[in-house]
Amino acid sequence: MMITTKEALQRFEETATYYMHELAPYNMEQLNQKPSDDEWSIGQMVQHLINSALYMHLPNMDRCLVPSQDSLVSLAEKTETGAAAFAQESFPPIRIHVPPSPQYTPAQPESKEQLIQGLQTVIQRMQEIEPILEQASKQNTVSHPSFGGLCAEEWFQLVEMHYRHHLLQLNRLKQTLVL
């Protein structure tokens, strides 16, 4: 049984707030420090979380909530990977490495305030959309590249799962920082 959207929102708010607290002790040089050329900095990782929520997850929730002639809305089923992630309510605890690319690699943040404001914006958008989700049809789905067709409620829960998944990366990156 999936957790409720209210529970997912509470978990998400706790995790996003945790990220904000974790940024506090570091200066921009440390937040932009990369362990290696092909890995992200803490700043880039937080940018990734903000960008994926604002430019992929939340817009896909909107597409599910207000279906149109948009070809992205479908009746697609979840993939085996997607079904497993939602059954476990989390991503597998493995590193997912995507080769660096201009389309996927987040830019280094300009300031700590930019990161905090971005996280606050995602929290605000999640709070705004949560009450609307109960009236959304579970039949309207938008396909995720790995998880297959997800309805609005699943896209919502995916944000929380995604933020929680990256806590592993945050802890690993903090251990590599030169203080």
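## Basis of the model

The structure is a predicted model, in which local features need pLDDT of at least 70 and side-chain atom pairs count only at pLDDT 80 or more, while totals for chains, interfaces and linings use all residues. Residues are numbered from 1 along each chain as its sequence is written, and side-chain values use heavy atoms, with hydrogens and water left out.

## The nonpolar core

The largest nonpolar core has 44 residues. A nonpolar core is a set of buried Ala, Val, Leu, Ile, Met, Phe, Trp, Tyr and Cys residues joined through side-chain atoms within 4.5 Å. Buried means under 20% relative accessible area, exposed means over 50%, and partly exposed lies in between (1.4 Å probe, protein chains only). V46, M126 and Y163 have the most contacts inside this core. At least two core residues are supplied by each of α1, α3 (42–65), α4 (80–88), α5 (112–129), α6 and α7 (167–176). Of these, α3 gives the most, with nine residues. Helices are DSSP runs (H or I, at least four residues), numbered from the N terminus. In soluble globular proteins, nonpolar side chains tend to be buried together.

Contact means heavy atoms within 4.5 Å. With its neighbours within four places in sequence left aside, V46 is in contact with Y19, L23, L115 and L119.

## Helix α7

Q169, L170 and L173 are the buried residues described here for α7. They lie on the same side of α7 because they cover an arc of only 100° around the axis; the arc is that of the directions from the helix axis to the C-beta atoms. The buried residues of α7 pack against α1, α3 and α6. On the face turned away from the buried side are the exposed residues L168 and Q175.

## Buried residues in other helices

H57 belongs to helix α3 and is buried, with a relative accessible area of 3%. Apart from neighbours within four places in sequence, H57 is in contact with S52, W155, L158, V159 and H162.

H165 is found in helix α6 (residues 152–165). With a relative accessible area of 12%, H165 is buried. Not counting residues up to four places away in sequence, H165 touches F91, P92, I94 and I96.

G82 is part of helix α4 and is buried, its relative accessible area being 0%. Leaving aside neighbours within four places in sequence, G82 is in contact with S146 and F147. The C-alpha atoms of G82 and L177 are separated by 33 Å, and these residues are 95 residues apart along the chain.

## An exposed loop residue

P25 lies in the loop between α1 (5–23) and α2 (28–31). P25 is exposed, with a relative accessible area of 58%. P25 and H166 are 141 residues apart in sequence, and 19 Å apart in space from C-alpha to C-alpha.

## The cavity

One cavity of 30 Å³ or more is found in a search of the whole structure. On a 1 Å grid over the protein atoms alone, a cavity is a set of points where a 1.4 Å probe fits but cannot get out, and lining residues have an atom within 4 Å of a point. The largest cavity holds about 50 Å³ of space; a volume is the space filled by probe spheres set on the points, which are joined across faces, edges and corners.

The lining of the largest cavity consists of M2, I3, R11, F86, E89, Q157, E160, M161 and R164. The largest share, four residues, comes from α6. The lining divides into four nonpolar, one polar and four charged residues. Here Ala, Val, Leu, Ile, Met, Phe, Trp, Tyr, Cys and Pro count as nonpolar, Asp, Glu, Lys and Arg as charged, and the others, Gly among them, as polar.

Definitions and conventions
On a 1 Å grid over the protein atoms alone, a cavity is a set of points where a 1.4 Å probe fits but cannot get out, and a pocket is an open set with protein on both sides within 12 Å along at least five of seven lines; lining residues have an atom within 4 Å of a point.
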